[in-house]
Amino acid sequence: MDTARLSRYVSGLWDDEIVPQLVEYIRIPNKSPMFDAKWVEHGYMDAAVSLMETWARSKLSQLPGATLEVVRLQGRTPLIYIDVPGEGDDTVMLYGHLDKQPEMTGWADGLGPWTPVIKGDRLYGRGGADDGYAIFGSLAALLALHEQGIAHARCVVMIEACEESGSYDLPFYVDHLAARIGSPSLVVCLDSGCGNYDQLWLTTSLRGMTGGNLTVQVLEEGVHSGDASGVVPSSFRILRDLLSRLEDPATGQIKPKELYVEIPQQRVEQAKLSAEVLGEDIYDKFPWVEGMQPVTHDLAELVLNRTWRPQLAVTGIGGIPPLESAGNVLRPQTSVKLSLRVPPTLSGAKAGEILKQLLEKEPPYGAKVTFALEKDGSGWNAPQLSPWLEQAVADASQHYFGAPATYMGEGGSIPFMGMLGEKFPKAQFLITGVLGPHSNAHGPNEFLHIPTGKKVSMVVAEVVARHHQQGRQA
């Protein structure tokens, strides 16, 4: 393999075609079904599918025998399925998604979720990095191999459309396509993060998650606070009390021991190494207000907190009027949306059951307390890398980043990985991504770091080629 030639090819394809395609993709407000109940009527998901399908089909002639199908099961989000023939009996699966998180507030002047803006090496807008680039990066890798006549195993590319809603449709597609997919021996996922933009980062684990809406109701309607306060318990106070069952309000630590697991020693050691590599960048990457501090200055503990320990975030609130229209009323109810990240090896369904029981039992003052579970997904802990993959990753990182590869868990969730880990226990996994410092997926000012997108595509090409080479030698 001529790595310099591969670099030139991939970089040129990104500049000439992929970045312009991503610019148009960012314009489409194709929010995941959880955030757009009328996604079918709005048509944005179909528009995103059409954009990707059109570009991919334009490249199939360069991939002999390749086919593309937009698979649509009744009542479910669509899935793009691409099959690229190769040599031998092995199969490589390349995965990504095309649905997006909602808008979020706080975008800088001139930026917006559906307004693509290129500033230097950054392409701003929702979904470019999470995870619209995946189909383009995957095909760029395969096209680069064919440009040099380099053999690879059969490759299937699957791009789903409800990952940000928990991938609840994906198992049905995997079952529906099982005979066509076969048994992949290598799975490539480009939906993860990177600790910096200077080297290749492999994701070793992903947290699971559960969550839903917690509502505390104390009255049938709001009443004068001067009349009721001191007699009617505040729904907000009761809700605060209930959350304290789950989370220590002073430290943020999750209280129930059942929500913890024993952290493998290898992951502890990798966390320490990541802390050494990143230093204070572990927390400096966040947009802190002046004077704020992280929960601890032990860097390795911060890595473990965000990768192997349960953590709670309140992501939404209901029943509370905005400040400008808040009268002297004791409100009848308060609701919050909870997102609980759980350790990689803990069942998301089990965590959801623990959460519901904990919050609903013995409600203070007999208040009406309901916790409506919305989602659960188990995490994933990577199997040990085969020697060939470990070496291929090390070489590729040096070739395209000029620095050693680094390994670290991620705090986010990709439900598909846990499901694939169960279905294909003998598969090797290459999980990486472009979500590095300040890229702010799900938040305002999300961006794709274009040079990293290019380099990740190059890495995928080399690893896919090496996968085939080791298969022939086995």
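This is a predicted model: local features need pLDDT of at least 70, side-chain atom pairs count only at pLDDT 80 or more; totals for chains, interfaces and linings use all residues.
A search of the whole structure turns up 19 salt bridges.

**Arg306 and Glu410**
- The side chain of Arg306 meets that of Glu410 in a salt bridge, with an N to O distance of 2.9 Å.
- This pair links distant parts of the chain, since Arg306 sits in helix α11 (residues 299-307) and Glu410 in strand β16 (residues 406-410), 104 residues apart.
- Glu410 counts as buried, with 12% relative accessibility.

**Arg5 and Glu147**
- Arg5 and Glu147 form a salt bridge through their side chains (3.1 Å, N to O).
- Because Arg5 belongs to helix α1 (residues 3-26) and Glu147 to helix α4 (residues 128-147), the pair ties together parts that are 142 residues apart in sequence.
- Arg5 is partly exposed at 33% relative accessible area, and Glu147 is partly exposed at 32%.

**Glu17 and Lys59**
- A salt bridge also joins the side chains of Glu17 and Lys59, at 2.7 Å from N to O.
- Here the link runs between distant parts of the chain, from Glu17 in helix α1 to Lys59 in helix α3 (residues 44-59), 42 residues apart.
- Lys59 is buried, with a relative accessibility of 8%, whereas Glu17 is partly exposed at 27%.

Note on methods:
Residues are numbered from 1 along each chain as its sequence is written. Side-chain values use heavy atoms; hydrogens and water are left out. A salt bridge is a side-chain nitrogen of Lys or Arg within 4 Å of a carboxyl oxygen of Asp or Glu. Helices (H or I, at least four residues) and strands (E, at least two) are DSSP runs, numbered from the N terminus. Buried means under 20% relative accessible area, exposed over 50%, partly exposed in between (1.4 Å probe, protein chains only).
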